[in-house]
Amino acid sequence: MDIAVDKLNTFFFGYHKNIEKKNLFISVICSFGLLNVLLILPDLYNIYSKSGIINVEINDFLIRKDQFRLTFITDTIERLGIRYEYALAMVVAIYICSFIFILTNYYRLLFAIVVLIIHNALVASSYSFSYGADYMISFSLFVNVILCIDSKYNRVLYSFAIRLIQLQLCVIYFFSGVGKAMGNNWYTGDAIWYLICTYTEVNVLTAFVATTIPAVFQIISLSVVIAELFYPFLIYNKVTKKATLLYIIITHIIIVLLINLYTFGIVMIILNVVAFQPKIILESKYFKKHEPITE
C-alpha cells in the first residue's frame, strides 16, 4: 500500500522535467487566449448583447440558475448607472488587459484568476454557441492559474499541473475513441469521406480515391480510432510516445485546415505540447533564444 502511495505521489508531484519552460507555457496559453478574444471582438455584441442573436433569457434557461455568467458582473456595473453595452465593453477590456498583464508578469496570479473567471462567465453566457474549444480554453486557463503561483512549492505545483493536463488529454481522447468505436462509419471510412464532402469541394483526386481505392479512407479512419482509443497507453510508452504525439499534432493540423476548427485544433496542439513537451520544439534554437527569464 505504501509503495502504491509513493508511486502516486511521485507521479503527480515528482515530475520536474523542463520546469524552466514554465514561463514559456504561461506565455503560450495566454497569447492564444488573448488572440481568441481579439478574433471574436467583431461579433461580441451579436453574441453577448441583450438584443443579440440568442435572447439572454433563452441562454439563462439552458444553464443552471447558480452558474456564474456575464450578467452577474454587468448587473453590478449597471447599478452604478452605466448602460449594459458599456458594462459589457468594460468587462471585455478587463479581460483583454488581464492577459496583457500576465504576459508582462504584472501581478500574474491575480490576473490569471481574473481571466479564468471572466472566460467562464463568457462561455456560460454563450452556451448555445460554445463548444469543445471554449471548454478546453477554460481548462488551460485553470492550469495557467496553477502555473502562475510562485512559492517554495513551485516544482510540486508545476508537476501537478503537467500531470493534470496529461490525464485530461488521456480521458478526452480515450472517450472520443470509445464514441467512434461504438459507431460504424469509422470502420468503413465513411466518416472521413463525410468530412471531406461536408467541408471541402470534392475534386478529381478525392473522387478517384473514393471510387478506386476506398481502403485509403478506411485506413485513415481506423488509425484515428486506434490512436484515440489507445492514446493513454501509447503516449506513456517510450517506444510509441513520439510517434503518437506527432500523429495527434498532425491530426489537429488537418482539423484546422480541413474543417476550419481553428480554435479547437490549436488549443489541443498547445495542450499536447505542454503536457508531453517534445524536445524537437522545446529545445529548438528559436525557443532557446526567446526563452523567458526563469524565476
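## Overall architecture

The secondary structure of the chain comes to 18 helices and zero strands, in a model that is predicted. Of the 295 residues in the chain, 40% are buried. When contacts between residues at least 6 apart in sequence are considered, 72% of them join residues at least 24 apart.

## Packing of helix 2 against helix 6

Two packed helices are described by the angle between their axes and the distance between the axes. Helix 2, which covers residues 22-40, packs with helix 6 at an angle of about 160°, and the two axes are 9 Å apart. Because angles over 145 degrees count as roughly antiparallel, helix 2 is roughly antiparallel to helix 6. The crossing of these two helices is left-handed.

On the side of helix 2, the contact is made by Ile26, Ser27, Cys30, Ser31, Gly33, Leu34, Val37 and Leu38, while helix 6 contributes Tyr95, Ile96, Phe99, Ile100, Ile102 and Leu103. By residue class, the contact of helix 2 with helix 6 divides into 11 nonpolar, three polar and no charged residues.

## Packing of helix 9 against helix 13

The residues of the contact of helix 9 with helix 13 divide into seven nonpolar, two polar and two charged.

Trp186 lies in helix 10, which spans residues 185-188, and it counts as buried because its relative accessibility is 18%, where buried means under 20%. Leaving out residues up to four places away in sequence, Trp186 touches Lys180, Ala191, Ile192, Ser221, Leu222, Val224 and Val225.

The C-alpha atoms of Trp186 and Ser223 are separated by 9.4 Å, although the two residues are 37 residues apart along the chain.

His119 is found in helix 7 and, at 4% relative accessibility, counts as buried. Not counting residues up to four places away in sequence, His119 touches Tyr95, Asp134, Ile137, Ser138 and Leu141. One of these partners, Tyr95, is also among the residues of helix 6 that make the contact with helix 2.

Ser126 is found in the loop between helix 7 and helix 8, the latter covering residues 132-148. Ser126 counts as buried, with a relative accessibility of 5%, and, leaving aside its neighbours within four places in sequence, is in contact with Ile47, Tyr48 and Asn59.

## Cysteines

A search of the whole structure finds zero disulfides. Cys148 is accordingly in no disulfide, and the nearest cysteine sulfur, which is that of Cys30, is 5.9 Å away, whereas a disulfide is a pair of cysteine sulfur atoms within 2.5 Å. Cys30 is itself one of the residues of helix 2 in the contact with helix 6.

Cys148 is buried, with a relative accessible area of 2%. Cys170 also counts as buried, at 7% relative accessibility.

## Loop residues with positive phi

Tyr107 is a residue other than glycine with a positive phi, near 45°. Tyr107 lies in the loop between helix 6, residues 84-103, and helix 7, residues 108-124, and it counts as exposed because its relative accessibility is 56%.

Asn260, although not a glycine, has a positive phi of about 65°. Asn260 is placed in the loop between helix 15 (241-259) and helix 16 (262-276), and at 41% relative accessibility it counts as partly exposed.

Technical notes:
Residues are numbered from 1 along each chain as its sequence is written. This is a predicted model: local features need pLDDT of at least 70, side-chain atom pairs count only at pLDDT 80 or more; totals for chains, interfaces and linings use all residues. Side-chain values use heavy atoms; hydrogens and water are left out. Helices (H or I, at least four residues) and strands (E, at least two) are DSSP runs, numbered from the N terminus. Buried means under 20% relative accessible area, exposed over 50%, partly exposed in between (1.4 Å probe, protein chains only). Axes are lines fitted to C-alpha atoms, for helices over the stretch in contact, and angles run from 0 to 180 degrees between N-to-C directions. Angles under 35 degrees count as roughly parallel, over 145 as roughly antiparallel, 65 to 115 as roughly perpendicular and the rest as oblique. A crossing is left-handed if the near helix is turned anticlockwise from the far one by less than a right angle, and right-handed if clockwise. Contact means heavy atoms within 4.5 Å. Ala, Val, Leu, Ile, Met, Phe, Trp, Tyr, Cys and Pro count as nonpolar, Asp, Glu, Lys and Arg as charged, and the others, Gly among them, as polar.
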